[in-house]
Amino acid sequence: MFNANQVKLAIAPIGWTNDDMPELGSEVTFEQCISEMALSGFSGSEVGNKYPRDTEVLKKALSLRGLEIASAWFSSFLTSKPFDETAKAFIEHRDFLHEMGAKVIVVSEQGNSIQGLMETPLFENKPVNSEEEWARLLEGLSRLGDLAAEKGMKIVYHHHMGTGVQTTTEIDHLMEGTDPEKVSLLYDTGHLVFSGEDHLAVLKKYVDRIDHVHLKDVRMDVVEKVHSEKLSFLQAVRAGAFTVPGDGVIDFKPVFEVLSEANYKGWFVVEAEQDPAISNPFEYAVKARKYIRETAGL
């Protein structure tokens with residue numbers, strides 16, 4: 001189905017240690033995390049809060065295990081802070097990723113995000129961008145795209161629960177308002193299904209602009225609980241809203257078929273933040289790897 005020379009498989013460290021809730025997986029070391037990634041059959045990783053920022057140290061640790069860096073999350077504040085503040089942090093992040101050999105930079109606007117607020121109901125308090133905020137976001141992303149291009153890299157925008165770019169309509173606005181040469185899309189199955197969107201429709205519409213893919217599954221009974229009990233995003237994560245492909249409600253076969261037909265090139269990143277004390281990250285990594293092998297032939 002896929003050309004193994006064009007598509008690589010990574011897994012995010014967020015299943016082992018959580019950046020937003022450091023108490024989840026606080027006992028897990030960086031070395032344990034990347035060793036279990038390699039042992040479960042993945043060749044890449046995104047970057048977590050325990051990863052060394054010294055690129056030589058990080059390269060050595062990863063190369064010992066046959067791993068590469070696929071990308072890393074960057075929080076932009078284009079709607080709430082002067083552009084120069086975001087640009088300064090972005091350049092530092094870009095240069096780190098470039099040194100690590102990454103080709104794409106994951107960007108998500110956090111200017112009015114509620115994803116990191118423990119007590120704020122996710123659906124009831126979802127932020128909505130004003131016209132002025134949209135204008136600042138779209139212009140700012142284009143400028144970040146220019147900065148990425150200086151190093152031969154691309155930005156991939158991460159639509160995300162609890163932010164101003166979550167729904168299909170908001171993704172449409174973002175895509176229509178940006179230059180395909182400067183802004184690409186990160187396609188995340190789990191966030192679309194959690195939000196109640198038609199994830200396959202979004203995929204088919206923007207497949208030519210998708211340059212990074214997060215494979216995330218959803219436990220729908222937990223999503224229903226988030227609605228009924230007015231839980232926050234972080235409370236949803238703690239409750240087990242997300243899981244690895246093959247363990248939730250999403251059928252990934254049509255996802256892989258659409259991407260294969262479009263000759264997708266890049267990374268598939270398994271990203272499933274759970275409480276590692278409840279859901280053993282190594283076991284779930286093995287489960288995800290097996291499912292992808294059986295479903296996508298990778």
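## Packing of α4 with α5

The crossing of α4 and α5 is right-handed; a crossing has this hand if the near helix is turned clockwise from the far one by less than a right angle, and is left-handed if anticlockwise. Helices here are DSSP runs (H or I, at least four residues), strands are runs of E of at least two, and both are numbered from the N terminus. The model is predicted, so local features need pLDDT of at least 70 and side-chain atom pairs count only at pLDDT 80 or more, while totals for chains, interfaces and linings use all residues. Residues are numbered from 1 along each chain as its sequence is written, and side-chain values use heavy atoms, with hydrogens and water left out.

Helix α4 covers residues 131-149 and helix α5 residues 168-176; they pack at an angle of about 50°, with their axes 10 Å apart. Axes are lines fitted to C-alpha atoms, for helices over the stretch in contact, and angles run from 0 to 180 degrees between N-to-C directions. That angle makes α4 oblique to α5 (under 35 degrees counts as roughly parallel, over 145 as roughly antiparallel, 65 to 115 as roughly perpendicular and the rest as oblique). On the α4 side, W134, L137, L138 and L141 meet E170, H173 and L174 of α5, where contact means heavy atoms within 4.5 Å. By class, this contact of α4 with α5 has five nonpolar, one polar and one charged residues. Ala, Val, Leu, Ile, Met, Phe, Trp, Tyr, Cys and Pro count as nonpolar, Asp, Glu, Lys and Arg as charged, and the others, Gly among them, as polar.

## Other helix pairs

Helix α3 (residues 83-99) also packs with α4, at an angle of about 30° and with the axes 11 Å apart. This makes α3 roughly parallel to α4, and their crossing is right-handed. From α3, F83, T86, A87, F90, I91 and R94 meet G140, R143, L144, L147 and A148 in α4. The contact of α3 with α4 has seven nonpolar, two polar and two charged residues.

Helices α7 (residues 199-206) and α10 (residues 253-261) pack at an angle of about 5°, their axes 10 Å apart. They are therefore roughly parallel to each other. H199, L200, L203 and K204 of α7 make the contact with P254, V255, V258 and L259 of α10.

The largest pocket holds about 450 Å³ of space. It is lined by 27 residues, of which I14, D19, D20, W73 and E271 are the closest to its centre. Helix α9 (233-239) and strand β4 (73-76) each supply at least two lining residues, and α9 gives the most, with three. The lining of the largest pocket has 11 nonpolar, 10 polar and six charged residues.

The second largest pocket has a volume of about 220 Å³. Among its 14 lining residues, K8, G101, K103, G266 and W267 lie nearest its centre. The lining of the second largest pocket divides into four nonpolar, five polar and five charged residues.

## Cavity

One cavity of 30 Å³ or more is present, and the largest cavity has a volume of about 90 Å³. On a 1 Å grid over the protein atoms alone, a cavity is a set of points where a 1.4 Å probe fits but cannot get out; a pocket is an open set with protein on both sides within 12 Å along at least five of seven lines, and lining residues have an atom within 4 Å of a point. Grid points are joined across faces, edges and corners, and a volume is the space filled by probe spheres set on the points.

The largest cavity is lined by 13 residues, with G15, V244, A272, P281 and Y284 nearest its centre. Helix α11 (residues 281-296) contributes the largest share of this lining, three residues.
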